[in-house]
Amino acid sequence: MRKEDGLEKLKADLKSGAFERLYTLYGDEDYLKRFYLSELKTKLLDGGDEEFCYFQYDMQTFDLVSLCDNLESYPFCGGNKLIVLENLELSKIPEGDKRQLISRLGELAEFVTVVFYYDSIFLQVEYAVKLRRQGELRELSKLGLAVDVSIRGQGELSRWAARHFKAAKKKISPAAIQFLLSYTDNSMTNLKTEIDKLVCCPAEEITEREITELCSKSFEADIFDLTAAVADRKFPRALEVMGGLKEQKTEPLEVLYGISAVFTEMLYVKTALEAGVFDAAKIVSDFKIKSSRKFLITRYLSKVRGEQESFLKEALRRCLALDGALKSSRNDRWFLLEQMLCELSALSD
């Protein structure tokens with residue numbers, strides 16, 4: 001089953017009232033995961049007494065005997081029972097208990113629905129741990145419906161944000177909404193916070209001015225500004241942006257990876273323009289770029305038009321060389337990064 005199919009199936013279940021016995025909710029979009037979990041709880045319990053129909057466990061409260069008892073006992077006064085297992089890491093459960101748990105989950109009664117819920121940070125870990133946890137999610141997907149709730153695309157987020165501004169009786173243009181999405185982190189949890197700030201300001205219409213004054217700038221937006229400053233021969237501006245990243249205690253390697261990603265996307269756009277492709281959506285699709293970066297791709301269209309392809313390729317070569325230096329050199333890593341940006345600014349002149 002494709003990722004989007006799992007979410008569409010969950011939506012259909014909520015509409016029809018015919019539920020799977022087990023769901024696994026995971027992915028980057030915590031706001032939507034919490035929303036769908038709340039909807040499942042509302043529909044399944046239908047006003048029933050939560051004390052007897054709703055049970056929640058995490059790694060600290062997990063107890064196999066208690067869980068099995070709740071899986072098997074009939075709900076008070078009939079109805080359904082919902083059991084939520086939050087951020088449960090199967091590899092940390094004793095092997096015998098794990099086998100018994102998997103066995104019980106494979107033969108759930110019709111009145112029980114189990115939801116494995118995982119926060120976005122569950123997979124935001126070092127590579128070896130991430131691989132192990134991904135394997136656990138695949139194991140759970142064999143027992144029920146796996147629902148990967150990822151960050152929404154630009155079109156869906158734009159419509160969602162527009163509804164919130166309209167409900168608050170605030171004017172905002174489609175272009176301003178697109179700027180908001182390019183300026184802030186695109187998780188719905190973060191966007192809702194930024195929208196709440198904006199609707200409280202006295203201005204009748206929200207413009208780029210209100211957004212830059214009130215909203216928190218995302219790491220991706222800072223990296224775009226940093227890279228653009230280098231390409232525009234504005235090294236002092238690049239140092240200014242990098243100073244802000246240093247104050248936020250961002251790792252130099254993370255900054256380098258961000259710069260490399262932007263230069264890579266610029267090269268994609270340059271290649272597309274040379275081939276006569278000017279549509280941002282097609283470029284995103286052809287080069288398998290995340291849809292959330294479509295607005296940045298739109299901004300690249302004008303920026304790279306007059307840029308030399310040789311400069312973009314040289315920038316990527318230097319990023320690759322610096323990657324090795326940052327991992328092996330004893331020199332100050334911020335100094336090495338500043339040195340590379342200074343050299344690139346001179347090259348682009």
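This is a predicted model: local features need pLDDT of at least 70, side-chain atom pairs count only at pLDDT 80 or more; totals for chains, interfaces and linings use all residues.
Student: OK, strand β1 then: how many of its residues are buried?
Tutor: Five of the five residues in β1 (residues 22-26) are buried, where buried means under 20% relative accessible area, exposed means over 50%, and partly exposed lies in between (1.4 Å probe, protein chains only). Helices (H or I, at least four residues) and strands (E, at least two) are DSSP runs, numbered from the N terminus.

Student: And which way do the side chains point?
Tutor: Leu22, Thr24 and Tyr26 point one way from β1, whereas Tyr23 and Leu25 point the other way. In a regular strand the side chains alternate between the two faces of the sheet.

Student: Which strands does β1 pair with?
Tutor: Two strands count as paired if DSSP finds at least two bridges between them. Four bridges join β1 to β4 (residues 112-117) in parallel, with Leu22 opposite Val114, and four bridges join β1 to β5 (residues 145-148), also in the parallel sense, with Thr24 opposite Ala146.

Student: Switching topic, how many disulfides are there?
Tutor: A search of the whole structure finds zero disulfides, a disulfide being a pair of cysteine sulfur atoms within 2.5 Å. Cys68 is in none, and the nearest cysteine sulfur, that of Cys53, is 19 Å away.

Student: Fine, how many salt bridges does the structure hold?
Tutor: The structure holds 30 salt bridges, each being a side-chain nitrogen of Lys or Arg within 4 Å of a carboxyl oxygen of Asp or Glu. One of them joins Lys33 and Asp30 at 2.6 Å, N to O, and these two residues are three apart in helix α2 (residues 30-45), about one helical turn.

Student: Is Lys33 buried or exposed?
Tutor: Lys33 counts as buried, at 0% relative accessibility, whereas Asp30 is partly exposed at 22%.

Student: Where does Arg34 find its partner?
Tutor: Arg34 forms a salt bridge with Glu86, with the closest N and O atoms 2.6 Å apart. Arg34 lies in α2 and Glu86 in strand β3 (residues 81-86), so the pair ties together parts that are 52 residues apart in sequence.

How values were computed. Residues are numbered from 1 along each chain as its sequence is written. Side-chain values use heavy atoms; hydrogens and water are left out.
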